[in-house]
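User: I'd like to learn how to read a protein model feature by feature. Could you take me through one?

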Amino acid sequence: SILGDIVNSDPNFVDVPDSRYPDDLEAKSYNSFVTANAARQGIVYVGANDGMLHGLDGDTGAELIAYIPSAVYENLDDLASPDYEHFYFVDGGPNIIDVFLDDTPDPGGGNGVWRTVLAGGLNGGGQQIYALDVTEPSAFDEARADDIVLWEFDDSDDADGVRVVLCCVLCVVVVVVVVVVVGWSHGGISVGRAGLVCAGLCLRVCVGVLLVSFFSFVFVGCL
């Protein structure tokens, strides 16, 4: 089948759980989770500008799952327009990690289970992040969509998220001004390097803000 263009979404391959967690990190054994998924099928996850996050069989390339985030759904009909101009959809790369969901019922009894969760965003395609449960590729089925899609989060859930992005953009502008003005006005390599040091510090602050914002979104989404 035809696959939309992939621009800024880095593919991510996932098979056997391999996080280096202590076995007793949570109430349930992580090693038991690894053992239970030791033969898990390898999947390549990647976002594309056809409006979907794709999950492809790591051996054959066959598509096993295609997820359309709600934020891009209303723009899908543009793909069929004779006057279509390129537009970003699921332009952000997926990140996958093993997490312990302590409020999820365990089929073996009690609450709390280890799961493999995919978290992704749209990048140039819109203001939304989402999380999918990708623990069992063999169980991917449209009938289980409500179990697979854990949550979606966008600026309608928290308008402050937009302000955070704007603040980060402003920080980057400040970095550029510092480097250009300090380096240009003094014309010296040593002072230019000092400007770069200041720029580096500003960039670290920007990255810190972005990381805190992202994990705040993840935390809120899990509530």
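User: Which residues does Ser 9 touch, not counting residues up to four places away in sequence?

Analyst: A quick note before that: this is a predicted model, where local features need pLDDT of at least 70, side-chain atom pairs count only at pLDDT 80 or more, and totals for chains, interfaces and linings use all residues. Residues are numbered from 1 along each chain as its sequence is written, and side-chain values use heavy atoms, with hydrogens and water left out. Now, contact means heavy atoms within 4.5 Å. With sequence neighbours up to four places away set aside, Ser 9 touches Val 46, Gly 47, Val 90, Asp 91, Gly 92, Gly 93 and Pro 94. A polar atom of the Ser 9 side chain also sits 3.2 Å from the backbone oxygen of Gly 92.

User: How many helices and strands does the protein have?

Analyst: Helices (H or I, at least four residues) and strands (E, at least two) are DSSP runs, numbered from the N terminus. Here there are five helices and eight strands, and along the sequence they follow the pattern β-α-β-β-β-α-β-β-β-α-β-α-α.

User: Which residues have the most contacts inside the largest nonpolar core?

Analyst: The general idea is that nonpolar side chains tend to be buried together in soluble globular proteins. A nonpolar core is a set of buried Ala, Val, Leu, Ile, Met, Phe, Trp, Tyr and Cys residues joined through side-chain atoms within 4.5 Å. The largest one has 16 residues, and those with the most contacts inside it are Tyr 45, Leu 53, Leu 118, Tyr 130, Leu 132, Val 134 and Phe 140. At least two residues of this core come from each of β2 (43-47), β4 (63-67) and β7 (128-133). There's also a second, separate core of five residues, including Val 117, Ile 129, Ala 131 and Trp 151.

User: What does the side chain of Thr 116 make a polar contact with?

Analyst: A polar contact is a pair of N or O atoms within 3.5 Å; within protein, one must be able to donate a hydrogen and the other to accept it, and residues adjacent in sequence count only if both atoms are side-chain atoms. The Thr 116 side chain makes one with the side chain of Asp 98 (2.7 Å). Thr 116 is in strand β6 (residues 111-121) and counts as buried because its relative accessibility is 1%.

User: Where is Asn 123 found, and what is its phi?

Analyst: Most residues other than glycine have a negative phi. Asn 123, in the loop between β6 and β7, has a positive phi of about 55° although it is not a glycine.

Conventions. Buried means under 20% relative accessible area, exposed over 50%, partly exposed in between (1.4 Å probe, protein chains only).
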